[in-house]
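Let's take a quick tour of a protein fold, one piece at a time. Have a look at the chain below, then read on.

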Amino acid sequence: MVPLTPVAFEILLALADGERHGYSILQEVETRSGNAVSLHAGTLYRALARLLESDLIEELRSSPDPSSGDERRRYYRLTQRGIAVARAEAERLDSQLSCARARRLLGARV
Amino acid sequence: MTRTLFRVAMLAYPWAFRRRFAAEMWSDFARTVDLGTGAPHRTSRTYRTCRTCRTLCTLFSSGLAERWAATHRFLFWPSHRLHLYEPSGRHFMFWDTLRSDLQHAIRLAAKSPLITALTIVALALGIGANSAIF
């Protein structure tokens with residue numbers, strides 16, 4: 001599964017806090033990246049379809065917040081496999097960043 | 001009008017994808033382009049129209065990409081993913097069921113060759129006789 005696509009990893013990161021619906025994922029990704037990553041519905045749901053098929057995320061059977069008033073919303077959360085894959089991807093990126101730092105490509109040491 | 005354009009753009013997606021995600025996508029799309037369900041309108045009408053058109057174009061192109069990917073997967077790896085777009089137990093079962101039925105029929109035919117041969121002979125005689133007469 002690793003390396004993940006950037007969009008898939010962004011979605012897994014957004015779901016790391018807990019369950020979210022599609023629009024909430026869109027907002028979270030845009031807010032966290034400072035609008036650097038701009039998802040639109042087409043990209044998001046294609047990526048969600050791949051993640052669902054790979055059992056990295058799952059759909060909740062019922063809304064975690066029934067008082068939200070929108071019964072049609074589907075909520076997604078990470079599976080155990082999704083957590084493991086996200087962790088493996090984060091470690092892979094961390095290793096690459098360490099290498100970049102060691103070779104003075106990033107965050108030049110004083 | 002926007003809803004109609006959205007539906008046209010969604011035609012680019014495979015049917016199973018629309019069935020699974022169209023309602024959610026419409027809800028998100030309406031919020032993204034501020035169709036009265038999201039934040040109050042703070043931008044000009046022209047800007048919103050341009051943004052809506054751009055979003056519809058990206059939706060359509062994304063749909064074509066998904067259709068191509070689905071066709072590609074089905075043609076070259078027919079059993080690659082059984083649970084197309086759906087969590088377990090709620091997937092669209094038509095092709096999976098048809099494939100299982102055909103496999104079962106072929107196995108049964110191979111298991112009892114005499115019955116299979118008699119069936120084929122009966123069919124051949126029936127079809128042949130009918131073709132000759134009419």
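**A quick briefing on chain A**

Just past helix α3(A), A:Asp55 has a positive phi of about 60°. This is a predicted model, where local features need pLDDT of at least 70 and side-chain atom pairs count only at pLDDT 80 or more, while totals for chains, interfaces and linings use all residues. Residues are numbered from 1 along each chain as its sequence is written, chains are lettered from A and ligands numbered from 1 in the order in which they are written, and side-chain values use heavy atoms, leaving out hydrogens and water.

**Overall layout**

- Chain A has four helices and three strands; helices (H or I, at least four residues) and strands (E, at least two) are DSSP runs, numbered from the N terminus.
- Starting at the N terminus, the elements of chain A go α-β-α-α-β-β-α.
- Of the 110 residues in chain A, 42% are buried (buried means under 20% relative accessible area, exposed over 50%, partly exposed in between, with a 1.4 Å probe and protein chains only).

**The sheet**

- Strands of a sheet pair through backbone hydrogen bonds, either parallel or antiparallel.
- Here, the three strands of chain A form an open sheet in the order β1-β3-β2, with antiparallel pairing; two strands pair if DSSP finds at least two bridges between them.
- β1 (20–21) and β2 (57–59) of chain A are at the edges with a single partner strand each, so one side of each has no neighbour in the sheet.
- Two bridges link β1(A) to β3 (residues 75–78) of chain A, and A:Arg20 sits opposite A:Tyr76 in β3(A).
- Helix α1 (residues 6–15) of chain A packs on the sheet and touches β1, β2 and β3 of chain A; contact means heavy atoms within 4.5 Å.

**Helix against helix**

- α1(A) packs with α2 (residues 22–32) of chain A at about 100°, their axes 9 Å apart; axes are lines fitted to C-alpha atoms, for helices over the stretch in contact, and angles run from 0 to 180 degrees between N-to-C directions.
- That makes α1(A) roughly perpendicular to α2(A) (65 to 115 degrees).
- On the α1(A) side, the meeting residues include A:Ile11 and A:Leu15, and on the α2(A) side they include A:Ile25 and A:Val29.

**Helix α3**

- α3 (residues 41–53) of chain A lies across β2 and β3 of chain A, at about 100° to β2(A).
- How many of the 13 residues of α3(A) are buried? The count is 10, so the helix is mostly covered.
- Among the buried ones are A:Leu44, A:Tyr45 and A:Leu48.

How values were computed
Angles under 35 degrees count as roughly parallel, over 145 as roughly antiparallel, 65 to 115 as roughly perpendicular and the rest as oblique.
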